[in-house]
Amino acid sequence: IFKNEDTKEALKKLSGGATGPLNIHLRQEIERLNRVVVVVAETLRMLRLAIAGSIAMSDDVLASLEAVYAGRPPAAWLKISWESPTLGLWFQGLLNRHDQLHSWLNSGRPKSFWFHGFFNPQGFLTAVKQEVTRKHAADGWALDDVVMISAVTRMVDAAAVREGPSEGVYIHGLFLEGCSWDAKDGGKLVDAQHKKLFSPLPVLHVTAVQARDKKKTGFFEAPCYKGRRRTGQTYVCNVMLSTQESRTKWILRGAALLSSID
């Protein structure tokens, strides 16, 4: 989808240049997406040939054919991409990821980032920390002394974002499980709504500060996962959420953030 030479030239024109932390992350994401597209194209080519009788139906081709027939993404695709319960949702995810990266590369940094659209969300957050640290290099900031902080904004979704923050980034598309968000009085965590498993979180502002300046009270550090399956492999980071209640309550409720509920 993205040609290597065109990508290199476009990256140079972005704010921060080709060596900017977030632009390096963009290049890596593009490379990962290109690999996925190559594998998808090869799988579909082999399926066409096998169905036409031009090649023998190998075990791998047969497994891919059965998956597509059942409406599931083939295992070869899932191995190098993202989890998805249906083929339709998987392809929609592919299109959405392409749209975000294409827009970023050709039109400049998004005002708000779709967090689930990254192969490496941890790398994205690290790049944000590096970018903020570089801005404060004259103040003596060092990356080892910097930590990520976050704050929920009053913007309900990405459509409400008019411009990006002066420092850090906005991210959207996160969901709360085991709790919900009350936007009144500055916003805070509250109990989950009756019979509602998930509730969307408003746009989140993510930036960085020196560790000594990070707030120590008044928030719960909710674990954020890539999807509904909570494991060490799907864990991304902790997100600061304002609360007037003890962190023990939210731990017992299993409160967490999910970047996808599919």
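## Getting started

A residue counts as buried when its relative accessible area is under 20%, as exposed when that area is over 50%, and as partly exposed in between. Lys249 has a relative accessibility of 19%, so Lys249 counts as buried. Keep in mind as you look around that this is a predicted model.

## Lys249 and its partners

Let us stay with Lys249 for a moment. Its side chain meets that of Glu245 in a salt bridge, with 2.6 Å from N to O. While Lys249 is buried at 19%, Glu245 is partly exposed, at 36% relative accessibility. The two belong to a network: salt bridges with shared partners join Asp191, Glu245, Lys249 and Arg253.

## Other salt bridges

Side chains of opposite charge can pair when their charged atoms come close. How many salt bridges does a search of the whole structure find? The count is 11.

The side chains of Glu9 and Lys12 form a salt bridge with an N to O distance of 3.5 Å. Both residues sit in helix α1, which covers residues 4-13, and they are three residues apart, about one turn of the helix. Glu9 has 41% relative accessibility and counts as partly exposed, whereas Lys12, at 54%, counts as exposed.

Another salt bridge joins the side chains of Glu83 and Arg229, at 2.3 Å from N to O. This pair links distant parts of the chain, 146 residues apart: Glu83 is in the loop between α4 and α5, and Arg229 is in the loop between β9 (219-225) and β10 (235-242). Glu83 is exposed at 55% relative accessibility, and Arg229 is partly exposed at 39%.

## Aromatic rings

A pair of aromatic rings is described by the distance of the centres and the angle of the planes. The structure has 12 aromatic pairs. One of these brings together Trp77 and Phe91: their ring centres are 5.7 Å apart and their planes meet at 85°, so the pair is edge-to-face. Here too, distant parts of the chain are linked, with Trp77 in helix α4 (residues 75-80) and Phe91 in helix α5 (residues 87-107), 14 residues apart.

Next, take a look at Phe113 and Phe118. Their ring centres lie 6.2 Å apart with the planes at 45°, so this pair is tilted. Phe113 is buried at 1% relative accessible area, and Phe118 is buried at 5%.

## A ring cluster and a charge

Ring pairs connect Trp77, Trp82, Trp90, Phe91 and Phe119 into a cluster. One member of that cluster, Trp82, has a charged neighbour: Arg97 lies over the face of Trp82, at 4.0 Å from the ring centre.

## A covered strand

Finally, find strand β2, which runs over residues 146-152. This strand is mostly covered, as five of its seven residues are buried. Which strand pairs with β2, and in what sense? Strand β8 (residues 204-210) does, in the antiparallel sense, over seven bridges.

Notes: Residues numbered from 1 in each chain as written. Predicted model: local features only at pLDDT ≥ 70, side-chain atom pairs only at ≥ 80, totals over all residues. Heavy atoms only, no water. Buried < 20%, exposed > 50% of the residue type's maximum accessible area, 1.4 Å probe, protein only. Helix = DSSP H or I, 4+ residues; strand = E, 2+ residues; numbered from the N terminus. Pairing = 2+ DSSP bridges. Phe/Tyr/Trp six-rings, centres within 6.5 Å; stacked < 30°, edge-to-face > 60°. Lys NZ or Arg CZ within 6 Å of the ring centre and 35° of its normal. Salt bridge = Lys/Arg side-chain N within 4 Å of Asp/Glu carboxyl O.
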